[in-house]
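The structure comes first and the description follows.

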Amino acid sequence: MIGLSILLIASFLGARLQGLSLSMLGGLGVWLFMVVANATPADPPFQITLCIASVVAAVGAIEAAGGLSYLVQLAESCIRKQPRSILYISPIVTYAITFFGGTNHIAYSILPVIAEVSKEVGIRPERPLSLSVIAALHGALASPISSIMLMLSGFLSASGIDLVSILKVIIPSTMGGVLMATWVTNLLSKAMPASSMVGTKATAPSLPLTVVARSGNRAKLSIGCFLLGSLVIVLLDAIQSLRPSWEVNGIKVLLPSAYIMPLVMLSTAAFIMLFCQISPQSITEGKAFSAGIQGMLALLGVAWLSSTFVANNKPILLHLISSYFAEPWQFFIILVFMAAIMGSSAATINAVFPLGIALGIPPKILLASAAAVNAVFIIPIYPTMLAAIQLDTTGTTRVGKFLFNHSFMLPGLASLAGAIGIGFLMVYIGVAGL
């Protein structure tokens, strides 16, 4: 109980304080485990941190070249061209930009646009805003360069499931989940309150838009380099004959999978810097780089804390899971519960997937259940959720009196049901060759 209390308090406070707090509280939690519970600390997640750092460098280079601004400009253009279809367009656009950027926090750039346009055309802002926040979670999970996918592929690759097979399941299932949430939200959500029906821009949020009209050749070239780098990562992971190799004592050694992403992403960042003629200093000054470094450090702390908790309580946890969730397909329930209390999709994978592997749950069940780690919306303290609530000046996007009856619960649960259901369907009919 002491260990669980430390984990829950650190996760909750970190989610509330945001920024680097998760990293610092995670480190403090590991220290308390050692001092109070006489626990042995787990190995720090240095490999995951290395991968995230390399992706942050590449995304920072894209931002310095104007690529991220160009993407958000395109997203805003799509939304403003068909403002009355914002309920359908906004989650698709948000999914796309988070899939490309590898983090759901890139949604901060598009949420102000969604809040403004929905109010202008008299659509309840709660609907597209809540859908977009949920779509951002699923887009980040499906991204081949996200920290969540890095952890997921790391566990599943040890069981013989390569990145391509994972993407064949995760991308359609998460997209299907978002579409399911859109349909359910459109069917069941309320209309705009009459008191908030205003059709002029004068009453729109006074927050400045982050969209910058930089659609030059440098921006497009940076995006092209990034897409090419992402493709190289997928190909090298799937086709071992393409990997560099060398000989050690007469034995051929292939480049390990763990080194593919860091090397390719750092090389991609270098190409963008050289071809787009941007200064290294401009990369570190960008918002994407700053947010990425904070996210990397936060994950370092909370992942270290969660893995320490699991390592020191493994027999108890295995007994509880095997006693109350005997069927392998019930593994997704554990993921939903842990994601809700930990507030981090990546940390949930890091903490819970080793337990699933130790219980002998088939790898395809682990893969089918993966979307359940996006249940971080259940307790409304996630940063993008708080941002959406702040941006909605009509007050329709809110946390209810009983905490759990908040604006994101309906689309969140609908998306989870759709994504998990499609995931199980796909692995059982053998779509990914499993």
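What volume does the second largest pocket have? In this predicted model, the second largest pocket has a volume of about 560 Å³. Its lining consists of 27 residues, and L150, S153, G154, S157 and S257 are the closest to the centre. Four helices each supply at least two residues of this lining: α3 (46-64), α8 (147-157), α10 (217-238) and α11 (257-275). The largest share comes from α8, with seven residues. Sorted by class, the lining of the second largest pocket holds 16 nonpolar residues, eight polar ones and three charged ones.

**Helix α9**

Helix α9 covers residues 163-188, 26 residues in total. From the first C-alpha to the last, α9 reaches 37 Å, close to the 38 Å expected at 1.5 Å a residue. The N-terminal end of α9 is capped by D162, which has a side-chain oxygen 3.3 Å from the backbone nitrogen of V164.

**Aromatic pairs**

A pair of aromatic rings is described by the distance of the centres and the angle of the planes. The model has eight aromatic pairs. In one of them, the ring centres of F33 and F309 are 6.3 Å apart and the planes stand at 45 degrees, so this pair counts as tilted. Because F33 belongs to helix α2 (residues 21-36) and F309 to helix α13 (residues 287-312), the pair ties together parts that are 276 residues apart in sequence. Both F33 and F309 are buried.

Another pair, Y95 with F99, is stacked, with 6.4 Å from centre to centre and 10 degrees between the planes. Here both residues lie in helix α5 (residues 86-101), four residues apart, which is about one turn of the helix. Is each member of this pair buried or partly exposed? Y95 has 8% relative accessibility and therefore counts as buried, whereas F99, at 26%, counts as partly exposed. Elsewhere, ring pairs link F155, F331 and F353 into a cluster.

**Single residues**

Helix α5 also contains S90. With a relative accessible area of 0%, S90 is buried. The side chain of S90 makes a polar contact with the side chain of S132, at 3.5 Å.

M385 is located in helix α18 (residues 383-391). Its relative accessibility is 1%, so M385 counts as buried. M385 and S407 are separated by 22 residues in sequence, and their C-alpha atoms are 9.1 Å apart in space.

Which phi does N38 have, although it is not a glycine? N38 has a positive phi of about 55 degrees, and N249 also has a positive phi of about 55 degrees without being a glycine. N38 is found in the loop between α2 and α3, and N249 in the loop between β1 (245-248) and β2 (251-254).

| Residue | Relative accessibility | Class |
|---|---|---|
| Y95 | 8% | buried |
| F99 | 26% | partly exposed |
| S90 | 0% | buried |
| M385 | 1% | buried |
| N38 | 68% | exposed |
| N249 | 78% | exposed |

At 68%, N38 counts as exposed because it is over the 50% cut-off. N249 is over that cut-off as well, at 78%.

Technical notes:
Residues numbered from 1 in each chain as written. Predicted model: local features only at pLDDT ≥ 70, side-chain atom pairs only at ≥ 80, totals over all residues. Heavy atoms only, no water. 1 Å grid on protein atoms, 1.4 Å probe; cavity = no way out; pocket = protein on both sides within 12 Å on 5 of 7 lines; lining within 4 Å. Points joined across faces, edges and corners; volume = space filled by probe spheres on them. Nonpolar A, V, L, I, M, F, W, Y, C, P; charged D, E, K, R; others polar. Expected span 1.5 Å × (residues − 1). Polar contact = N/O pair within 3.5 Å; in protein donor to acceptor, adjacent residues only side chain to side chain. Phe/Tyr/Trp six-rings, centres within 6.5 Å; stacked < 30°, edge-to-face > 60°. Buried < 20%, exposed > 50% of the residue type's maximum accessible area, 1.4 Å probe, protein only.
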